[in-house]
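Work through the following exercises with the structure open beside you, and try each task before you read its solution.

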Amino acid sequence: MTDPGTLLHLVPRAEGRQTMKDFKSDQEVRWCPGCGDYAVLAAVQGFLPELGLARENIVFVSGIGCSSRFPYYMNTYGMHSVHGRAPAIATGLAVSRRDLSVWVVTGDGDALSIGGNHLIHALRRNVNLKILLFNNRIYGLTKGQYSPTSESGKITKSTPMGSLDAPFNPVSLALGAEAGFVARTIDSDRKHLTETLRQAADHPGTALVEIYQNCNIYNDGAFETLKDRQRAEDAVIRLEHDRPILFGADGSRGVVRDHRTGDLEVVTVTPENGSEVLVHDARATSPTTAFALSRLADPATLHHTPIGVFRAVRRPVYDTLMSDQLENAVEREGKGDLAALLAGGDTWTVPG
């Protein structure tokens, strides 16, 4: 049987040193000027050479939306698939070709609306996929309708009096589906984005990275609270494994557990409560605290938004389990006979 931790080693290595330029295709990049997708594309192209994998053994699968143009711009194999179905198509590819590094690029509308079931089942199965979920909290390609992550009351072309829907929290959703690796990062923070991608790539099984991404045409400034240096200091909570969850000026704010309710809350750190500040454990077996962290931010203001790796735990990987199951079946019963199966006793003829 294959150790899940060695899955990446099944993918052939590249010959010679690669650079960012090797992963740029000859296609003109066509997003709106100023779109956050440019920053994500550059980060991915700059990071992939670190993996040392042959380009022909890397695949990007996307659905429909602005983010889903991504495969055109990568000098790897790729597929621009159908709306919401990228995780399903990528699952088939990953389990049948374990020599490939398979990445899914999707958006908040593509992944969480029509593609919602495909996403959660890929996460619970723990297929060896890396899912990049671009979240701009709007439908950009179809010109500015509200999306499953738009805040309640959002005024858009499709909700002129304000959205009545409660938004999805992608991190909470992924943790609820028992995903083994769940993270959040921001398009404009190149260092944090790259490090998060690096950790996702190293994780065996499904890794979901939510990327807050600005749509400067239809939802400009949606994440300005987290990008403006002055406001971000008191709004962004940077999660680091095995480190106290502190933020604000000189670490003056911290996250503690309310002993009455079990919920997490933000407090001003004092000598009296300093010992109560939580130490982040991304490798905790239970997702309970990670889920509580995902609920800290106010959906409308994004005040006190955690970014970083919420959870990184090892789970049995679907591809490995299936491969082992097939090998065991062959050892016990020999190779199957497809023709015999089709003409077996469980068939019947329908009268004309």
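This is a predicted model: local features need pLDDT of at least 70, side-chain atom pairs count only at pLDDT 80 or more; totals for chains, interfaces and linings use all residues.

**Exercise 1.** Find which residues lie nearest the centre of the second largest pocket, and which elements give two or more residues to its lining.

*Solution.* Begin with the lining, which is made up of 15 residues, and note that Leu226, Ala232, Glu233, Val236 and Arg238 lie nearest the centre. Next, look for the elements that give two or more residues to this lining, which are helix H7 (224-227), helix H8 (229-235), S7 and strand S8 (246-247). Finally, sort the lining residues by class, which gives seven nonpolar, two polar and six charged.

**Exercise 2.** Describe the largest pocket by its volume, its lining and the element that gives the largest share of that lining.

*Solution.* The volume of the largest pocket is about 530 Å³. Of its 22 lining residues, Glu195, Gln199, Leu239, His241 and Val309 are the closest to the centre. Helix H6 (190-202), strand S7 (236-239) and strand S11 (305-312) each give two or more residues to the lining, and the largest share, six residues, comes from H6. By class, the lining divides into eight nonpolar, six polar and eight charged residues.

Conventions: Residues are numbered from 1 along each chain as its sequence is written. Side-chain values use heavy atoms; hydrogens and water are left out. On a 1 Å grid over the protein atoms alone, a cavity is a set of points where a 1.4 Å probe fits but cannot get out, and a pocket is an open set with protein on both sides within 12 Å along at least five of seven lines; lining residues have an atom within 4 Å of a point. Grid points are joined across faces, edges and corners, and a volume is the space filled by probe spheres set on the points. Helices (H or I, at least four residues) and strands (E, at least two) are DSSP runs, numbered from the N terminus. Ala, Val, Leu, Ile, Met, Phe, Trp, Tyr, Cys and Pro count as nonpolar, Asp, Glu, Lys and Arg as charged, and the others, Gly among them, as polar.
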